[in-house]
Each structure stands twice: as C-alpha cells, then as structure tokens.
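Okay, thanks everyone. Let me put the structure up, and then we'll walk through a few spots together.

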Amino acid sequence: TSDASAAAAANTPLALPTSSEWRPGVNYTVISPAQPTNAPPGKVQVMEMFWLACPHCYALEPYIEAWRKSKPSYVQFVRVPVMWGPVQRAHARLYYTLEALGRHDLVDRVFHYIHDLEMQTRSESILVGSSKANTMRMQQAFAAKYGVSPNAFASAYNSFDVSTHLQQAEEINQVYEIDSVPTIIVDGRYKTDVVKAGGTENKLIALINFLTRWDHDHQNAG
C-alpha cells in the first residue's frame, strides 16, 4: 500500500555524506541511531555543544557568528552548554538565565569576560562561587553592570524555564556522549569538531555547510 511504501521510505537510511574532501568515520562520526531534533519541517539543525570557559569555544565563536549571518535559511542553529560538573552547570545556568531575560548580547560579553580573566588567572571558575547563592550573586552583579535588575535576574535564574532547559541540556549531553567542546551535531545524525574537520575553524564551517546541504538535499530535513 502507499502507506506501507511511505513508512518504508521513512525508515530507509540516508546515504552517508561523502565527497573527495569529506568522509564518514574520518571527518565526522555517524550517530546511530539518529536522534530526533526540534527543527521545523524543511530545516536542518546544527547544534553547538559548548562551555563559556572553553578557550576552543571562544576561538570558534567569531567563525560561528560570521557563519550564522550567512548560513542558508534552511539551517536552524542552537546552542547547548555542557553539564560535566558544578562549574559547567553554573555557567550553563548563567547562559540560560541571560537567554530567558532576552539578553543575548550579554552571552557574548560573558564569553569575553571569562576568557580574559581565564587568561590572566588560569582559572576556569570565573563567575562561579563557593555555593549556589554566592554564584548567583556574582552572576547577578555582572548582569547588573549592563542594566539587568537584581530581581529580574534572580527571577529568571530560579525560573521553571531555566530549570527545564538545564534538564534538557543534561539529557542531550548524555545522548550524544559529549566529552569535549566545541562539538557540532548536525541533524541529530553527525558529530564532528575542529580536529576531525581538518584542524581549522574554517574547515569546520565548510564541513557544517557540506553536511547540512547534503541532508537538506537528500531528505528535505523531513
């Protein structure tokens, strides 16, 4: 029947993205089974797993920002922080708090602030205190410098929305077995990074473009 044919087609594995430059198992890892994404129909999701205190993520940031401005309309870009330990979780909560406040501009400021101090102090625990309360006060004070009221920050910081995002981030980290950052997940099917892509940020961007175009052309992201 037509329904049976449609079901069979839906379950048929895509041919793996391959070219003279890019090869599965070398430049990217195939995720098996492929994971569903929340990308709208017709879109291919690119997910960056990152950490605000990661110098490699910081190095990639200008390339990602330039790519975001020129990426195809069929690409949906999302970021998910790693949740390895207390420091990463504290930075993840700060990231989602700023997102909840609609202060995406402050994510970039935090990136710069943490990186600059990290270079000076060799510490990755910038904006992380000895307790959750101390951490919130430190992060609250940082945001206050840029016009975020302490009450608004605290409300977002402790909100159900932020807690939900953190729980989802934890699950995503486990599903994709993230052990280094930055890691890029394309369409819930492919996992790669700067090293696999050939050692430079430009090569990683080129590989992202190749993988997203391949999946869009072969399945229309459906």
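Let's start with a question: does phenylalanine 142 count as buried, exposed or partly exposed, and what is its relative accessibility? Keep in mind, by the way, that this is a predicted model. So, phenylalanine 142 comes out at 4% relative accessibility, which means it counts as buried.

Phenylalanine 142 has a ring partner, tyrosine 113: the two ring centres are 5.0 Å apart with the planes at 50°, so we call that pair tilted. Tyrosine 113 is in helix α4, residues 104-121, and phenylalanine 142 is in helix α5, residues 132-144, so the pair ties together parts that are 29 residues apart in sequence. Tyrosine 113 itself has 30% relative accessibility, so that one is partly exposed.

Strand β2, residues 44-50, runs parallel to β3, with 7 bridges joining them. If you want a landmark there, look for valine 44, opposite valine 75 in β3.

At 1% relative accessibility, phenylalanine 50 is buried. So what is over its face? That's arginine 79, 5.4 Å from the ring centre.

Back to rings, then: the count is 11 aromatic pairs. One of them is phenylalanine 50 with tyrosine 95: centres 5.1 Å apart, planes at 75°, so edge-to-face. That pair links distant parts of the chain, because phenylalanine 50 is in strand β2 while tyrosine 95 is in helix α3, residues 86-100, and they're 45 residues apart. Tyrosine 95 is buried as well, at 8% relative accessibility. And there's a cluster here: ring pairs link Phe50, Tyr58, Tyr95, Tyr96 and Phe111.

One more arginine for you: arginine 93 has its charged end over the ring of tyrosine 157, 5.2 Å from the centre.

Last stop, cysteines. How many disulfides does the structure hold? The number is 0. Cysteine 54 is in no disulfide, and its nearest cysteine sulfur, on cysteine 57, is 3.1 Å away. The cut-off for a disulfide is within 2.5 Å, so that explains the call. Cysteine 54 is buried, at 5% relative accessibility, and cysteine 57 is buried too, at 0%.

Conventions. Residues numbered from 1 in each chain as written. Predicted model: local features only at pLDDT ≥ 70, side-chain atom pairs only at ≥ 80, totals over all residues. Heavy atoms only, no water. Pairing = 2+ DSSP bridges. Helix = DSSP H or I, 4+ residues; strand = E, 2+ residues; numbered from the N terminus. Buried < 20%, exposed > 50% of the residue type's maximum accessible area, 1.4 Å probe, protein only. Phe/Tyr/Trp six-rings, centres within 6.5 Å; stacked < 30°, edge-to-face > 60°. Lys NZ or Arg CZ within 6 Å of the ring centre and 35° of its normal.
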